[in-house]
Amino acid sequence: MAAHRCSLSALLLIICSLLVFIVADSEKATLTGDHHATAVDNLQTVTETEEGAAAEEPAVEEERRWEETVVEEATADKEDTSAPETVVQSSVPQPKDDFQEELVIRPLHSGDIYASFQFRTLWETDFMRGNKVSHYRLFPKSLGQVISKFSVRELHISFTQGYWRTMQWGQPFLPSPPGAELWVWFQDSVTDVDGTWKELTNVLSGIFCASLNFIDSTNTVQPSASFKPLGIGNVTDHRFLRYATLPREIVCTENLTPWKKLLPCGSKAGLAVLLKSEKLFHSSFHSQAVHIRPVCQDWQCKTTSWELRQTLNVVFDLHTPGQGKLEWSLFKMFSRTLTEACPLASSSKIYIDITDDPQGEQFEVSPATHLLSQAMVLGDRRTFSVYDLTQQITFGTVRSLNLLIRWKSSEGDMLRPLLHAERYVAGYGLQTGEIHTLMYNNHPYRSFPVLLLDSVPWYLRLYIHTLTVTSKGKDNKPSYIHYQPSKDRVRPHLLEMLVQLPPNSVTEVTVQFERALLKWTEYTPDPNHGFYVGSSVISSLVPSIVAMDTNSTREQPLFSSFFPCKEESSYFMRVYTEPLLVNLPTPDFSMPYNVICLTCTVVAVGYGSLYNLLTRSFQIEEPSPGLAKRIANIIRKMRGVPPL
Amino acid sequence: MAAPLTLLLLVAVTVRAALYRSSLADLISERVEVVSPLTAWKRVVEGLALLDLGVSPYSGDVFHETPLIIYLFHFLVDYAEITFMLADVITAVALYLSVKDYNKQVFRKQKYALEADRYPLDCLELIRSPKEMQYIPLKVAMFYLLNPFTILSCVAKSTCGLNNAVIALFVLSTIKGNSRTHSSPAEGNSIYPLTLCAAALLYLLQRQYIPVNLRRFSFWWFVAQYAFMYLGSLFVIVGLSFFLLGSWDFLPSVYGFILSVPDLTPNIGLFWYFFAEMFEHFRLFFLCVFQINVFFYTVPLSIKLKEHPVFLIFMQLAVISIFKSYPTVGDIALYMAFLPVWSHLHRFLRNIFLVSCVLLACSALFPVLWHLWIYAGSANSNFYYAITLLFNVAQILLVSDYFYAFLRREHHLSHGLYLKRKDGSEATLVLK
């Protein structure tokens, strides 16, 4: 046990040190990125001078530098680092709250389009200090009240329809499992965490019009290592953490509408006008999320502010076979075009990922933009074209922005994601089964550890002694296992383990289970559809693609590239596997009365026969007199005459 | 007599060892008829694995054995097969010895009664001869060891075999008459055998020639002594479990699990489907009714059979194995081992042929209907349920038939075999 604890603390230490490295790195990347941007700038300056629009140049340059900072910071956040926020604008007197919106569009190798909206509200306030916060400007009041009433430190909720296909689409910016996922860190002042959690889920259920009220103790777990706070704060006592998924939850318009209402501009202006449900839900993948966490206000972290990040990710399947040309536009995807930024937003931008096509060979974007930006996203250096919606010039003469991408060729290979996972149930029949989880490490030469979290409902009784972890045909003993067995109708199984994935390998985790027969009222209305088991969560620090890239070292000075550049070498990644659908044996729902009657009859047969033998005694059977004789005897008795 | 017994033991061990080595062992250990959530070997291994992980085995709902079992197998897990074979052998030998002793006493009593001329004259054909009684102990051992139910239970490593061994030792110590040292049957992971203490008490009273008379001081003194010993040993065992584990977690997990029946895994008993289909607000009521049902028969049976405590033990074991919450075939095998002891009742049995046919047919149909329901999907739960109902009805008929035959023989022994009516014609006996 001590060894386990040691390894856990070692892991924490590693994560912390990486955190520091990444923070340091983001500075450096900013500088180099700036350098690069200046180069691009110079190039553009030439073109622009040719066009005779030299007057705009200083503004553009300033814009570009600013751009870099923001993207870097956003990426750093995604990498689970809680990097301190950089000062947004130093010259303008800072308002207490701030709203930013952005849309990232990435053409995927499969021909689909990935659009990711992020809306961020920052508010320098303190919900916890006893004084009631009553004046709300940009921050939604409903969520603010939730934070202060339930002493929430961090709240992450996501609703997802569809499954993210990592092998075809690469990594999402914000991963989420199918169905609903909710995880909350409470303040350490909360005494009755379970009670607060129950109330909170019911309140959120109302706010988001979702079935979060089905979250109870049977699907809530307290992961010990997989979910760490993303904001500031160093309390990592997992007693204050609750994690639950509802893999069965269907996400639709009724969840989108309340989500949109949390935005300062609603769906009236800004990027949110694109969020029309008839298009959004006509897609291969849809995921909307709300993340609330405390972040630092400045470098010294003297004051904290609350960050509300609303994200919406959607993958459109625009690929229609047989149709010769491939193209998409904002209008085609969302059936809307953009006319303005949200007036309350301090920044409003659209990014288009053009990394795969820097020379414009594979696709062309129109209207063309002169703003480029580079960022480290999920361990990869990506290039984006930027459209700033706060600039009137972006909308051009027609006063409406309709981005259009036309594919020229569909070549190009996607780099396989370094880590991905899949899961299935093996076995036949309704008595037992086996859960197989396959984790792929596609890195050619580096091994890395992953944390696997499995939360299995109690009616699949796991047998932990059948747990096997094999990679490359050999037994791969997990260095840390945290297992909490289930209690019938009370709590689920929780299995967390730290597994080292060898390079270029598949690691298979199997565990056997037994299917329970439930009470007839515990089945869902469609019992033969099966029961869902939530996704496994795989969290890991993955060696980055940039560090793997040997070409990049050529352009750098020789003295800088002898030791492998550790700072860039890893990034945090979370992968969700497929949810499972498992059939359970069912009783016959139509005959509770019959069963009660029949079983009671058998018990009565037992009781009756024993009762007979216990209470009666053997007697000689005397032939009973005939009916006429008996009647005669009764009459004779009444007459007082001796009977016959 | 030792040679045939040794031979029998060798045969029994060989059969088991052969089955352990065959591919059937895995199949058998998954059968719901053979293992219940309470006795499954898989769950014992799981408990040990949890202990190795540093998790209390009772924090989950998989392990329901007593702490004694887990610490026993902590040392013996590598020798589990030998342990289970040994348990069966111990059970068989204990039953052999106790039946031998019991038969001696029966014969002695019969001799006294004959000398005192207490039997009616026409009852001579009911008198048991030493010749026919000679092979009964061996038959008992054989009935236990070679019963397919016992073999299946042993091959599946169901801890029911250990329970049976404890109960058999309890019976042996009772019949040997040393009330001071006898082990408490609560040692097994079940609370139902507690009802056996009534029979044991009656037997010991009889042996010490203390009449069951509620007004006599000597009777109450002996009862108090016995109760003290019994509760004392019970307390020692529970206390030992507590000190082994360091917490009381095992009480709800073992005894609460037996009484509240949360696990509805199908088995050969009456509980699982009944409580799967029960209306929620009647659950507690019916749970109480069904559990009381097991203990309920103790008092009337003790009163009716106060002269025949060994038959009472047989009746109790049968009632427990029919009405307990998680029965397995191993429980049935234990009371069936006593059937040869009552071979002299065969002339009074009414429907033994029918009952044995039904029992055999049901035993064959269990796996068939299970396969149809769980694997083929062409049948539903009602099919399996119907077979459990029929199986239990057959058991009830078997037990009540033996009870009837026993009572009737006793009646004949006091009233004569060929009874006449008042008018002199041949009479038939009825229960009134």
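1. **B:Tyr209.** This residue counts as exposed, at 71% relative accessibility. The cut-offs are simple: buried is under 20% relative accessible area, exposed is over 50%, and partly exposed is in between, with a 1.4 Å probe and protein chains only. B:Tyr209 is not a glycine, yet its phi is positive, about 55°. It sits in the loop between H10 and helix H11 (217–245) of chain B. Helices (H or I, at least four residues) and strands (E, at least two) are DSSP runs, numbered from the N terminus.

2. **Basis.** This is a predicted model, in which local features need pLDDT of at least 70, side-chain atom pairs count only at pLDDT 80 or more, and totals for chains, interfaces and linings use all residues. Residues are numbered from 1 along each chain as its sequence is written, chains are lettered from A and ligands numbered from 1 in the order in which they are written, and side-chain values use heavy atoms, with hydrogens and water left out.

3. **B:Val261.** Here is another non-glycine residue with a positive phi, near 45°. B:Val261 lies in the loop between helix H12 (250–260) and helix H13 (271–276) of chain B. This residue is buried, with a relative accessible area of 4%.

4. **A sheet in chain A.** Five strands make an open sheet, ordered E20-E21-E17-E24-E25, with antiparallel pairing. Strand E20 (480–484) and strand E25 (570–576) of chain A are at the edges; each has a single partner strand, so one side of each lacks a neighbour in the sheet. Direction ignored, neighbouring strands are turned by 15° against each other on average. That angle is between axes, which are lines fitted to C-alpha atoms (for helices over the stretch in contact); angles run from 0 to 180 degrees between N-to-C directions.

5. **The E20–E21 pair.** Two strands pair if DSSP finds at least two bridges between them. E20(A) and strand E21 (residues 493–501) of chain A run antiparallel and are joined by five bridges. A:Gln484 stands opposite A:Leu494 in E21(A).

6. **The second largest pocket.** Its lining residues divide into 22 nonpolar, eight polar and eleven charged. Nonpolar means Ala, Val, Leu, Ile, Met, Phe, Trp, Tyr, Cys and Pro; charged means Asp, Glu, Lys and Arg; the others, Gly among them, are polar. H5(B) gives the most to this lining, with eight residues.
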